[in-house]
Amino acid sequence: MKEIRYGRLHETLYCDTLPNGLEVCLLPKTGFSKTYAVFSARYGSADNRFRKADGTEVGLPDGIAHFLEHKMFEEPDGDVFQKFAAHGASANAFTSFDRTSYLFSATRDVEENVETLLDFVQSPYFTDENVEKEKGIIGQEIQMYRDHPDWRVYYGLIGAMYALDPIRIDIAGSLESIAAIDKETLQLCHETFYHPANMLLFVVGNVEPERLMERIRSNQAGKGFGAYVPPERLYPEEPEAVHRPVNVTELAVALPKCYFGFKEKKPAAGGAALARQEAATRIMLDLVLGPGSELYQALYDENLISDTFGFDCQMTDRYAFSMIGGDTRDPERLIERVKEGVRKIARNGFDEADFERQRRKRIGHFLRMFNSPEAVAHEYTKHRFRGIDPFGWLDVYESLTLADVRARFEEHVNWDRLAVSIVRSGENR
Amino acid sequence: MSASPFIRKEINGIRVHVLPSGRFKTYSVSLYAGSPLLEETVTANAVIPFVLRRGSADYPETRAFRARLDELYGASFGFDVYKRGNNQIIQFRLDAVADRYVSAKGGDGMLRDALRFLIGTLCRPALENGRFVARYVEAEKATVQKRLEAVINDKIRYAAERCLEEMFPGDPFRLNALGVIGDLEAITPASLFGRYRQWLAEAQIDLYVAGDVTPEAVFELAAASFDAARETPLPYRIGDPPAAKPAVKRVEEALDVSQGKLNIGLVLPVLVPDADYPAALVYNGILGGFPHSKLFVNVREKASLAYYASSRYDGYKGMVMIQSGIDAKNRDRALSIIEEQLDQLAAGRLSEAEMAQTKALIVSQLKELGDSAFDMIAFDFNSVLTGVGRSPEGLARAVMDVAPDDVVRIARQVRMDTVYFLRDRQGGEAR
């Protein structure tokens with residue numbers, strides 16, 4: 001077991017890779033009551049084609065990673081929520097583009113709960129009947145999201161940017177695609193992607209690292225997983241250009257919602273480069289459109305944006321883009337005004353003092369995250385899966401220069417790579 | 001009962017509560033200003049924090065105000081307006097990285113700057129001609145209006161608010177905490193400034209600071225920066241629980257939606273200060289607070305009708321809200337399954353396992369509070385508000401002592417009051 005000290009963070013992380021390939025990271029928090037554990041597979045909604053060791057290609061129905069996540073909770077003797085609750089733990093799970101995470105939070109019986117987490121995720125129980133029954137539940141989840149304007153405008157943007165990459169497919173799939181899901185395909189996905197060597201367990205909170213690691217080690221040793229032959233994941237060749245400039249969706253909303261963003265031409269390769277790209281992009285967006293920027297204030301004063309306005313970016317080595325927006329009375333005018341503001345910045349450049357402030361702000365955000373066990377666990381997992389050093393952000397932010405951010409601005413804010421998604425009511429067109 | 005970890009003092013007419021703790025990487029500051037929820041003042045009161053966050057006397061321009069926060073290592077500043085029973089609470093929050101993480105020397109420079117900033121924002125707003133800055137007031141009225149209009153975007157929230165509106169006609173509790181759109185227009189920079197002065201003078205104000213601090217340092221900083229004129233504050237009041245309507249009120253509404261939303265308002269006449277409060281928490285937990293609860297198991301897992309089916313107990317008002325998203329054609333089936341769960345509980349059909357699991361999770365939630373400075377602060381403030389000196393540990397013990405009979409006694413007092421259903425426009429007339 002490796003012990004990694006992060007002196008400036010006042011944190012120590014304990015990591016090990018078990019003989020079966022499972023990576024385990026434990027972050028003890030002295031004085032905390034709660035323990036939060038997340039067990040994640042490098043397998044998400046976008047992993048929908050792969051080649052098996054024997055060379056055959058498999059195409060999976062849309063939404064199957066999420067369906068599998070739902071079905072894992074069922075066990076021959078009832079559902080696992082009750083087993084957790086008996087030990088004071090509440091459990092949950094979620095699926096994103098590139099991972100599926102199962103988690104619990106508890107203030108006692110940590111070792112029992114960790115074992116329950118490992119055991120239920122590693123022992124599927126699918127029957128024709130329980131698979132059919134889940135279709136009604138997930139069908140309602142899909143309907144719920146259909147009514148959600150923030151979700152629709154988000155997917156509208158990804159669908160505008162990406163022509164082929166499977167991130168454009170709804171994580172839950174569609175009513176039609178989930179109809180085709182059966183227990184054999186679920187079983188295949190579980191075998192292919194839930195091998196310990198494709199997973200990470202992160203536990204943070206009131207833990208004794210040596211004892212807990214020993215318990216996990218003996219739990220895993222008894223399970224007889226064979227050697228892992230990773231499937232070859234197949235993704236379509238995504239065209240460089242945005243798929244379509246604008247997507248419009250009709251839905252009952254008070255004001256139109258408008259998200260826009262830039263599709264990265266060539267995502268950065270390698271964890272260190274990705275981290276720098278993400279950090280520089282965030283600071284650049286803070287400077288251009290953050291709540292402290294001149295442009296933000298101007299747009300707010302012109303009643304074009306509200307407190308709902310914000311931005312985010314997703315940076316991976318396959319897809320990378322920014323996403324900016326919120327509610328607006330006039331999407332076209334908003335984009336027009338942002339273009340004007342950006343032209344002005346291109347002429348005048350960024351201010352060194354503003355840059356320093358935004359750098360400080362990002363450092364403060366990173367440090368604050370450690371108050372939240374949930375945030376630490378999820379950020380760690382997300383970045384680890386992307387090959388980024390999850391606790392290395394202080395160094396990344398401190399080594400950035402204004403020139404880096406300026407270069408990022410030149411490269412990223414490219415109007416030929418702009419995509420726009422609008423959600424509006426039939427009547428507020 | 002264990003002693004409270006908060007150290008308290010009344011300073012310049014406000015109550016200051018300090019929680020010294022080395023566990024957190026930040027200084028967490030929460031300021032609660034509360035007053036009775038009244039039709040006449042709810043909207044204007046709600047606009048106040050929006051205007052205050054535009055600028056203070058020290059940082060009158062919004063950009064400078066925000067730049068100051070960025071300078072403090074991105075100290076997060078925010079506010080919230082909400083109801084606790086028939087009280088309107090305006091809460092300001094500031095979370096700033098502790099000195100030892102950002103300064104080699106340590107010290108309390110960040111704490112001082114953070115407190116000065118927050119209290120300055122509340123007590124010394126940017127003014128012009130002796131009143132609020134007109135362009136800030138106009139812009140923030142528009143912001144509040146947009147917020148109120150946007151409730152319809154989130155259908156889960158919309159259905160919950162509509163159900164409350166139908167359940168509490170004539171009671172200000174039916175209103176959104178941000179007030180009423182129609183009352184915004186009449187607000188002027190002068191009228192709002194007058195309202196602000198009165199609100200600041202008579203609101204109950206509780207200032208909380210948690211983190212690596214000493215009480216003396218916080219008391220001193222509070223004494224130096226809080227200088228508003230204070231009158232005797234209007235006390236927090238927890239009224240009586242509502243009486244259920246003689247017959248269940250049924251309302252159906254149609255909108256362009258894919259999924260129907262079934263919301264059921266129940267009267268549960270037990271309030272936070274009551275001896276039965278722990279039993280009411282367990283009742284709600286068994287009914288619909290968790291994934292092992294009756295609603296989740298029966299509406300979702302067994303009948304496959306919904307993705308979510310849950311209940312939420314409001315012990316400041318004395319009610320429970322059940323909510324579920326279903327296909328409109330399944331309304332009657334879902335309703336009858338839900339009614340059956342309520343009847344089962346009233347008939348005393350609850351298992352040992354349901355009791356044990358529910359208690360374990362409630363106790364766990366109470367223990368977890370201690371890991372978050374803001375959660376500990378929120379719990380303590382709720383005790384101050386209700387005047388009940390319950391600690392999380394004391395409440396946890398009381399929950400463990402709840403017997404099945406206590407839960408059944410609660411269940412027999414529960415009355416269904418309002419059934420609200422939001423459905424799609426297809427599938428026939430709204431009934």
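How many residue pairs are in polar contact across the interface of chain B and chain A? Here are a few friendly notes, starting there.

1. The rule finds 34 such residue pairs across the interface of chain B and chain A, both residues being at pLDDT 80 or more. A polar contact here is a pair of N or O atoms within 3.5 Å; within protein, one must be able to donate a hydrogen and the other to accept it, and residues adjacent in sequence count only if both atoms are side-chain atoms. On the side of chain B that touches chain A, the residues divide into 23 nonpolar, 13 polar and 24 charged (Ala, Val, Leu, Ile, Met, Phe, Trp, Tyr, Cys and Pro count as nonpolar, Asp, Glu, Lys and Arg as charged, the others, Gly among them, as polar).

2. Please keep in mind that this is a predicted model, where local features need pLDDT of at least 70 and side-chain atom pairs count only at pLDDT 80 or more, while totals for chains, interfaces and linings use all residues. Residues are numbered from 1 along each chain as its sequence is written, chains are lettered from A in the order in which they are written, and side-chain values use heavy atoms, without hydrogens and water.

3. Chain B and chain A share 8 salt bridges (a side-chain nitrogen of Lys or Arg within 4 Å of a carboxyl oxygen of Asp or Glu). One pairs A:Arg357 with B:Glu71, with 3.7 Å between the closest N and O atoms.

4. Within chain B, helix 9 (residues 277-289) packs against helix 15 (residues 404-413) at about 80 degrees, the axes lying 9 Å apart. The two helices are therefore roughly perpendicular (angles of 65 to 115 degrees).

Methods. Axes are lines fitted to C-alpha atoms, for helices over the stretch in contact, and angles run from 0 to 180 degrees between N-to-C directions. Helices (H or I, at least four residues) and strands (E, at least two) are DSSP runs, numbered from the N terminus. Angles under 35 degrees count as roughly parallel, over 145 as roughly antiparallel, 65 to 115 as roughly perpendicular and the rest as oblique.
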